[in-house]
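Welcome! Please take a look at the sequence and the structure below, and keep them in view while you read.

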Amino acid sequence: MRGISLYVHLPFCAARCPYCDFATAPASSALRARYLGALATEIAREGAALGRPRLRTIFVGGGTPSLLDPPEVARLDAALRAGFAHRPRPREVTVEANPATLDRARLEAWRELGVTRLSLGAQSLSARGLRALGRTHQPEDVPAAVEAARSLGLRVAIDLIFGWPGQSVGEWREDLDTAVALGPDHLSCYPLELELEPEASIANWPGAGWKGLERWRRTAAACQPDDRGLAVLYAVAQRYLARAGYRHYEISNWAREGSICLHNSTYWRNGPWLGVGAGAHSHLGGVRSCRPVSLARYIGDIERDAPRIVDQGADETVDAAILALRLDTGIDLARFALRRGADARERVARALGATGVVGLVRWSGDRVTLTPRGRILASEVFVQLIP
Amino acid sequence: MSDAQQRIRNFCVIAHVDHGKTTLSDRLLELTGTVAAREMHPLMLDSMPLEREKGITIKARAVRMSWTYADEAYELNLIDTPGHVDFNYEVSRSLAACEGAVLLVDVSQGIEAQTLANAYLAVEQGLEIIPVINKVDLPNIDLELVREDLRSTLGFKDEEILLASGKTGLGVRAILDAVVTRVPPPRGDGAAPLRALIFDSHYDQYRGVVAHVRVVDGSVAVGDRTLLMATDKASELLELGIFAPDARPRDRLLTGEVGYLATGLKTVLDCRVGDTVTSADAPAREPLHGYRPAKPMVFAGIYPTRSDDHPALRDALEKLKLNDASLVYEPETSQALGFGFRCGFLGLLHMEIVQERLEREYDLDIIATAPSVEYQVLTTRGAEVPIDNPAMLPDPTTTAEVREPWMKVTIIVPSQHVGPVMELAQGKRATLVEMTYVDPTRAMLRYDMPLSEVIVDFYDQLKSRSQGYASLDYEMAGYRAADVVLLEVLVAGVPVDALSTIVHRERAAYAGRNLVTKLRGLIPRQQFDVPIQAAIGGKIVSRETVKALRKNVLAKCYGGDITRKRKLLEKQKAGKKRMKMVGQVEIPQEAFLAVLRADEDAP
Ligand SMILES: Nc1nc2c(ncn2[C@@H]2O[C@H](COP(=O)(O)OP(=O)(O)OP(=O)(O)O)[C@@H](O)[C@H]2O)c(=O)[nH]1
Ligand code: SF4
Ligand SMILES: [Mg+2]
């Protein structure tokens, strides 16, 4: 048996970054203990329901999982060991960390849980960038965190954000330079995307504070590079990271040979995974579903043993094609037809033959991939797939 | 006259928009027991979803009711009519099927422009009018002022005027009694050959074309062979009946009665509103008077966004025409938009409703061009050519004169708002013909004004300048010379005929600049730079560029959440469906409509 992938969501953060729209909650949340309890319950219940399968990969994301105290990590570890088979060991266990909240004791606790890979939310390596993004850690926190992870034999992934207010091409080059000099195995580069509608996650913060966030975002959006500027920054990353020996294997992800993120590849290859925790998504038996983003609602749902919310609008053909196209390997229409039938192939082929995608995709035999320009205009391609 | 015929009363309810016709009809249906209390719901006769949504009546509805007066049972045929100015034609058709009209006046508003327009129509057709002051349940009302309105503008006597509330049901009994005592029974010869007037029609999937008729002479029964006199189409009647308010089959309809005939005919051309139904075996010699055909006021092209939908659009228009006699259309081809139809509408509301019905009831994605009036062009060779599509305006060198339609406009407005209203009218090229007073507090202004000015926001601006109190009615006055030119638009270097518009010469350059600025804001960014230019007589007068789209990607795929991404893509896709590919450029519906307001300031 090949096993499944598991995503575990830990929403707690020391402070809220003003651009963030993940499912987050304050570290001091009154619901923290109950949340961790509910999480353990969900893990136990889902593990049993699935017949205690083997876990191929685990990804502990957030939020800021790294701020959990060692006893909390130990509790999660115990739940995981009880809920799922751990032999053979998962091939990859990633935990996300904020450079400021990492210390040796915490790292050791995660090491106990079997972590093999640390994903560092650096975002920028310059003081100006961190300030522009409203982040609380300092540039020097990042090399220290990388050092600590390395000393425990962990692989290191670094997340960067480009297109922050006032960022020049030169500054972006410097961020990339500094990051590459740290020698990470994996790099993710995301454009700063500012959602101007309030999301469900703000409800987890006392007083919500959407007004202030909105003001921050509107001001930031006004002095962000325009989309042409963002396209240039993206092109710089493509060119520069290729030269530095990183493979641009997904729209926003680059990796050294042999270091692509196996867990995230499960998503892109349309594989099966279970997601536990608030706002976590799952894809099991061809069904997409998720848990509510609100902590209170999540805890309530687990205590009542309520099922996940099913995504009724899911269309396996469209979803699989969009996900596959995100990867540099693209979509192989011959294999797609074998797996999903000739009609599905026909639908996808027709969409990818539309005049609107000329220059955005490349065909070679039965394989279709996004061109470099197609990657930054990917939605122009994907929208053709929507019926 | 037969006994049965003596006890029939045909009447309609007419009023200005929103004065409570449909609400009062609810009370009539209730008190006469036509609709059981448990089946009753508010605005029963506004059954189209669009009517409910917009809160206005769009289509007239006929209903059969029974009422006992002085121990005699009467058959009452009610027609609830729309009040909006666009649907005047619907009212005049309904009036032709009636001997009486209940004229409602909202006590809080008094007589308004369509109160007069509809009352005059009823007087012209020789109907008995029962004036009713409605909504008397409202607080702080001035009955005397409204009575004064009715006395001075329409010549009613105080004793004739009834009071009612469609909300509380007050006065409803008296209205029904008045219908029996004041409205004459239908004239008509029961022994003569059948003549029934088609005053409306609708299409039913099972019954085919269903004609709404008023039997004028003779009678008609199931199984009769009938003949439509104008189109000479014969058919055997499979079903006939009455509306109560749903269709209820009957064996026959007698002289003076109102009901429906399921003709079994399939196409609109065979069954025209205004035609006369007679018996195929014993036909009448002369058809009934009929109606003047509806005169469309504004014209627009309607095109499917996907060219494969053209047959479906033709089908839908044909069906819609069966339910809406005033819609006219003919095939048209646009270089930019492909195959479509030039449609004529009674007004902008009518156009909006047709568009929405095509989209909702027939599930079509369509693009409508900006509405235009019909110009008349006198060529240098002496021919007179009607132009209802700006792009077809002939070359100035072959044109002797262009004429545009003018309207007689009636505005009723409280005296304190007369100033702002006059100012507005002046800016719209209107000339004041007359100013009188309907009562001590309200003035009636009569203007002559170009129709092209009436259709652009005039009503909205009138409302805002009078704090909502002004009302408006208009009718065709005739054609007058106009000094106009064709303003053309080029998108990505290609002339787009559907964005052409006819504007006044002295405002043309200004309009060109404005339009181009607006279009820049409305045409979404494409994957390349899109220049937009305005030209007059082949000369470019202004230019702007829609910058190319450089980034459109949902970079994060966090935790495998594809649901949110798909939703965003679906939104983008829905937007695309409302756009038309013109050459390489996708142009949204709003861009075509922006042309209408070309010479207003861009925001
Ligand atoms: N207070 C009060 N309100 C009423 C009365 N009759 C109608 N209304 C309100 O007036 C509005 C218009 O009522 P309708 O019955 O739709 O008017 P209408 O004349 O049929 O309107 P159109 O068909 O669009 O011309 C609604 O909001 C009704 O609730 C009444 O007797 N008293
Ligand atoms: S630390 Fe990460 S998850 Fe938490 S608010 Fe900041 S960006 Fe969001
Ligand atoms: Mg009504």
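Here is a short tour, grouped by topic.

This is a predicted model, in which local features need pLDDT of at least 70 and side-chain atom pairs count only at pLDDT 80 or more, while totals for chains, interfaces and linings use all residues. Residues are numbered from 1 along each chain as its sequence is written, and chains are lettered from A and ligands numbered from 1 in the order in which they are written.

**Chain B as a whole**

- Chain B has 15 helices and 33 strands (DSSP runs numbered from the N terminus, with helices being H or I of at least four residues and strands E of at least two).
- Its radius of gyration is 27 Å, close to the 25 Å that the globule rule gives for 603 residues, so chain B is as compact as a globular protein of that length (the radius is taken over C-alpha atoms, and the rule is 2.2 Å times the number of residues to the power 0.38).
- Along the principal axes, the C-alpha atoms of chain B fill a box of roughly 80 × 70 × 60 Å.
- Of the 603 residues in chain B, 49% count as buried, which is to say that 20 or more other C-beta atoms, placed from the backbone, lie within 10 Å of a residue's own.

**Where chain B meets chain A**

- On chain B, 22 residues are in contact with 35 residues of chain A (contact is C-beta atoms, placed from the backbone, within 7 Å).
- The side of chain B that touches chain A has 8 nonpolar, 6 polar and 8 charged residues (Ala, Val, Leu, Ile, Met, Phe, Trp, Tyr, Cys and Pro count as nonpolar, Asp, Glu, Lys and Arg as charged, and the others, Gly among them, as polar).

**The domains of chain A**

- Chain A is divided into domain 1 (4-268) and domain 2 (315-387), with bounds from an automatic or database domain assignment.
- The contact between these domains takes 9 residues from domain 1 of chain A and 9 residues from domain 2 of chain A.

**Around the ligands**

- Which residues come nearest to ligand 1? Of the 20 residues around ligand 1, they are B:Gly20, B:Thr23, B:Ile56, B:Thr57 and B:Gly83 (a residue is near if its C-beta atom, placed from the backbone, lies within 6 Å).
- Helix α2 (residues 21-31) of chain B gives the most to the shell around ligand 1, with 3 residues.
- Ligand 2 has neighbours in chain A, including A:Cys13, A:Arg16, A:Cys17 and A:Cys20.
- The shell around ligand 2 holds 4 nonpolar, 6 polar and 1 charged residues.

Terms used: A residue is buried if 20 or more other C-beta atoms lie within 10 Å of its own, exposed if 12 or fewer, and partly exposed in between; C-beta atoms are placed from the backbone. Two residues are in contact if their C-beta atoms, placed from the backbone, lie within 7 Å.
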